[in-house]
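Hi,

Here is the structure I promised to pass on. Have a look at it first, then read my notes below.

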Amino acid sequence: MRILSIETSCDETAIALVETSAEPPRGEALRGLPSFSIKKQIIASQIETHRPWGGVVPNLAKREHQENLPKLLVKILRDLLQVQSRGRIDLIAVTVGPGLEPCLWQGIEFAKKIQKENFPKAKIVPTNHLHGHMYSFLLTQHKNNQLPNYSITTSYHKLPNYFPAIQLLVSGGHTILLLMESLAKYRKLGETRDDAAGEAYDKVARMLNLPYPGGPEIEKLAKTGNSNAIPFPRPMLHDKSYDFSFSGLKTAVLYYLKNTAASHKTNLNDIATSFQEATLEVLTAKTLRATKEYGAKSIILSGGVAANSALRRSLQNESKKIGANFLSADKKFQGDNAVMIAVAGYITYQRKKTLPLKANGTLDI
Ligand code: KG4
Ligand code: ZN
């Protein structure tokens, strides 16, 4: 099966061409299950467009998607014509939400157009962006001589060695803790009541006059600061629920900056490190508590913030201590991309869980 996937929910325009292969690759951790090969992915990042504004400007994002999509498709098709069974596409997986609706519509209308004009036999699979992140942990790289790209292995069946699992999905728009009984069966244990973790990173970065997106900038500064320098609060750390809250922490940073206006330039690293420490402590503690409570065999980490090395290290260490697997995609599949949409679209198609082909900005997981 050959899948063309389209992602336009926020500030990345991405198209990927992914194939399922009959034979699962050898030596793979999730051996014996159907596998995918990533033939090609192109991501047109809009970071430079939005950077002067300090965040994503929806109208600019929409315009960029509109301009980028046909260009990316031409590049992808050039490759498609060079591979076997010329031009055949079986599924077109397109993100329908959550995200910025004008941006989502660009992807949806484009999917409809190319189905009509280029691939009339293809089936459009409306795909949930959060499922893309949720299933991204299945993207494990391994060597395959025939393919220049990466291969991934997945299954929509139960994987007894990995489940139940606790998944922490942390992005710019979401902070969700999930209990997964299998790839298909999962439920939300908790989520943020206000800002998402990535949003808090971005907002704090803006207070520190760091460029957008703030997450990687804060992480860079945090490499050399003192994490105990400033005792920022750990919101909801001891709360019984699995919910999160990051807006108080963000405000605490703001007050700290106001109160120490004269000196804060000198300890930017300490502020970044102390903020990161507070955020990661809450994320790690709640994930770990859920893992123990539900006897989970794996901890799964996903979403843009999962690119943060300190967070990865923290969850990896804790997993090791309790003998659980730690599963998380390569960093390049944590931020928004189209490969994860192909994987989620394929699983959605197999499960026959059809979503409406229309933009839904607040689509839940
Ligand atoms: O998943 P994503 O690409 O987009 C959404 O679906 O929201 O996540 C983007 C978020 C941004 O808030 C960005 O600052 C954050 O992920 N992020 C990071 C890092 N890299 C990206 N946060 C902390 N540390 C990082 N290294
Ligand atoms: Zn995302």
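Let's start with Asn209, which sits in the loop between helix 5 and helix 6. One thing before going on: this is a predicted model. Asn209 has a positive phi of about 60°, although it is not a glycine. In general, most residues other than glycine have a negative phi, and most peptide bonds are trans. Is Asn209 buried or exposed? With a relative accessible area of 68%, Asn209 is exposed, because the cut-off for exposed is over 50%.

Met236 also has a positive phi, about 60°, and is not a glycine either. You'll find Met236 in the loop between helix 6 and helix 7 (247-259). Met236 has a relative accessibility of 18%, so Met236 counts as buried, the cut-off being under 20%.

There are cis peptide bonds to look at too. One joins Phe163 and Pro164, with omega at about 0°. Pro164 is in the loop between strand 6 (151-153) and strand 7 (165-170). Another cis bond runs from Tyr212 to Pro213, where omega is near -5°. Pro213 belongs to the loop between helix 5 (197-207) and helix 6, and that loop also holds Asn209.

The crossing is left-handed.

Which residues meet there? From helix 6 come Ile218, Glu219, Leu221 and Ala222. From helix 8 come Leu268, Asn269, Ala272, Thr273, Phe275 and Gln276.

Leaving aside neighbours within four places in sequence, Ile218 is in contact with Tyr201, Val204, Ala205, Leu208, Leu210, Ala272 and Phe275. Take Phe275: this residue is 57 residues from Ile218 in sequence, but their C-alpha atoms are 8.8 Å apart in space.

**Strands and sheets**

Some background for this part: strands of a sheet pair through backbone hydrogen bonds, either parallel or antiparallel.

Strand 4 pairs with strand 1 (residues 2-7) in the parallel sense over four bridges, and Ile6 has Val94 in strand 4 as its bridge partner. Strand 4 also runs parallel to strand 5 (residues 123-128), with six bridges joining them. There, Ala93 stands opposite Val125 in strand 5. To get from strand 4 to strand 5, the chain passes through helix 3 (residues 101-117), a β-α-β crossover that is right-handed.

Elsewhere, five strands form an open sheet with mixed pairing, in the order 9-8-7-10-11. Which strands are at the edges? They are strand 9 (186-191) and strand 11 (325-327), each of which pairs on one side only. From one strand to the next, the twist averages 20°. Strand 8 (residues 175-180) and strand 9 are antiparallel and share five bridges; in this pair, Ile176 is opposite Glu191 in strand 9.

Happy exploring!

Notes:
Residues are numbered from 1 along each chain as its sequence is written. Chains are lettered from A and ligands numbered from 1 in the order in which they are written. This is a predicted model: local features need pLDDT of at least 70, side-chain atom pairs count only at pLDDT 80 or more; totals for chains, interfaces and linings use all residues. Side-chain values use heavy atoms; hydrogens and water are left out. Two strands pair if DSSP finds at least two bridges between them. Helices (H or I, at least four residues) and strands (E, at least two) are DSSP runs, numbered from the N terminus. Axes are lines fitted to C-alpha atoms, for helices over the stretch in contact, and angles run from 0 to 180 degrees between N-to-C directions. A crossover is right-handed if, with the strands pointing away from the viewer, the path from the first strand over the helix to the second runs clockwise. A crossing is left-handed if the near helix is turned anticlockwise from the far one by less than a right angle, and right-handed if clockwise. Contact means heavy atoms within 4.5 Å. Buried means under 20% relative accessible area, exposed over 50%, partly exposed in between (1.4 Å probe, protein chains only).
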